Amino acid sequence: MTFEPSGHLISVVRRFVRAMCEQILGSGEFSSQVALVTHELLENAVRYCRDEQTSIALAVREQGGALEVEVKTENQARDEDIARARGLLDRIAEADDLFELYQSMILEAADRVRGSGLGLIRICAETELTLEMTTRAETIVMLARLRVPGGQKQ
Amino acid sequence: MNELDFKADEFEVAANRDGEELLLRTSGTADARVEPELAALLDRVHVRVLGDGIRRVIVDLRELEFMNSSCFKGFVTWIVRVRRLPEPEQYHIRFRPSAQHHWQKRSLHAISYFGGELVTIEGT
C-alpha cells in the first residue's frame, strides 16, 4: 500500500493492521504491539519522507512452526535523516540494558522542542518486534519483525 | 467547556475538578495531529494545578485507544516540570489505565519508572 502523508490515514492503517492481526494472533499483546509499530514507523516515514510517498507492507507467514509477522515501510529521506535513524539504531544495538537506555532517552526527550526522538526506541523497548534498517540510494527501508512461537492465538 | 477541555481530530480530553483532585478523562487517538495542542493543554493543566492548590491529577486512559511517542513525550515533559518544582509545590499524577489497550502497560511502566514517587499507575 502506498499513500500520501495523512495523519488520519495512519490511524486507519493502524486499526486495519490490528484487526487483521487479531484474526490471526488473537486480541492479546502481540496484535497491539504490531499496531503500535505500524503507527510509529508510518509516522516517521511520513514525517521524514522527501516526496510525499510512503509505502507499507504487512506480511504474515508460517515458518518452522512459528508465525512471522513483518511490517515494512519505505520512503525517500534526506541524508541527514537517514544518518540520524542509523545513529539511533546503532545506539539501541549497542545498549547493554535497553530499558536503561529508554529511560535516558525519555529524559533527553523532555526538553526537545520538535518531535520526541522516541519512536524507534519505543518500538525496541516496548514490543517484542525486532527492527532493521536498510537503505537504497535515498530510500530508507524499516523492517520490523515479530516471531510468535507456535503461532497460537492469545 | 472549560480551558482544560480539548477536542481535535480523534482525540478528546474532558477535565473535572473535585476538591484537591483534577480528573483528565482522555479518549480516542493521541498522535502527531494533536501533539502541539496536547503539550499546550498540559502546560495549562500545570499552571491551573499550581494556581488552584490541586494536589493530584488523575489521567484516565481507559478510553484512549492509542498514543504515539510524540504525545507520550508531552506527558514526559509535564512530569519533568513537576519534578523540577520545589518539593512542597510538587503534585501527584496518577494514571488510570485500561487492560484492553495492551500498549498502555509497557508505556506506563516506562513513564512511572521515570516519574518515580510522583507518578502512580492504578492497579499496579
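**Cavity, interface and pocket**

Tutor: A search of the whole structure finds one cavity of 30 Å³ or more, where a cavity is a set of points on a 1 Å grid over the protein atoms alone at which a 1.4 Å probe fits but cannot get out. This is a predicted model, in which local features need pLDDT of at least 70 and side-chain atom pairs count only at pLDDT 80 or more, while totals for chains, interfaces and linings use all residues. Residues are numbered from 1 along each chain as its sequence is written, chains are lettered from A and ligands numbered from 1 in the order in which they are written, and side-chain values use heavy atoms, with hydrogens and water left out.

The largest cavity has a volume of about 60 Å³, a volume being the space filled by probe spheres set on the points, which are joined across faces, edges and corners. Its lining (residues with an atom within 4 Å of a point) consists of Glu29(A), Ser32(A), Gln33(A), Leu36(A) and Glu126(A) from one chain and His102(B), Trp103(B) and Arg106(B) from the other. Helix 2 of chain A provides the largest share, four residues. By class, the lining has two nonpolar, three polar and three charged residues, where Ala, Val, Leu, Ile, Met, Phe, Trp, Tyr, Cys and Pro count as nonpolar, Asp, Glu, Lys and Arg as charged, and the others, Gly among them, as polar.

Turning to the interface, 34 residues from chain A and 29 residues from chain B take part in the contact (heavy atoms within 4.5 Å). Chain A and chain B bury about 2,600 Å² between them, 48% of it on carbon and sulfur atoms; buried area is the accessible area (1.4 Å probe) that two parts lose on being put together, summed over both. In chain A, the residues losing the most area to chain B are Glu29(A), Arg122(A) and Glu126(A), together 18% of what that side buries. Glu29(A) and Glu126(A) also belong to the cavity lining.

Seven salt bridges join chain A and chain B, each a side-chain nitrogen of Lys or Arg within 4 Å of a carboxyl oxygen of Asp or Glu. One salt bridge pairs Arg15(A) with Glu10(B), their closest N and O atoms being 2.5 Å apart. Another salt bridge links Arg47(A) and Glu35(B) at 3.3 Å, N to O, and this pair crosses from helix 2 of chain A to helix 1 (residues 35-52) of chain B.

The largest pocket has a volume of about 450 Å³, a pocket being an open set with protein on both sides within 12 Å along at least five of seven lines. Of its 29 lining residues, Asn44(A), Tyr48(A), Leu88(A), Gly117(A) and Leu120(A) lie nearest its centre. Helix 2 of chain A gives the largest share of this lining too, seven residues, and the lining divides into 13 nonpolar, eight polar and eight charged residues.

Note on methods. Helices (H or I, at least four residues) and strands (E, at least two) are DSSP runs, numbered from the N terminus.
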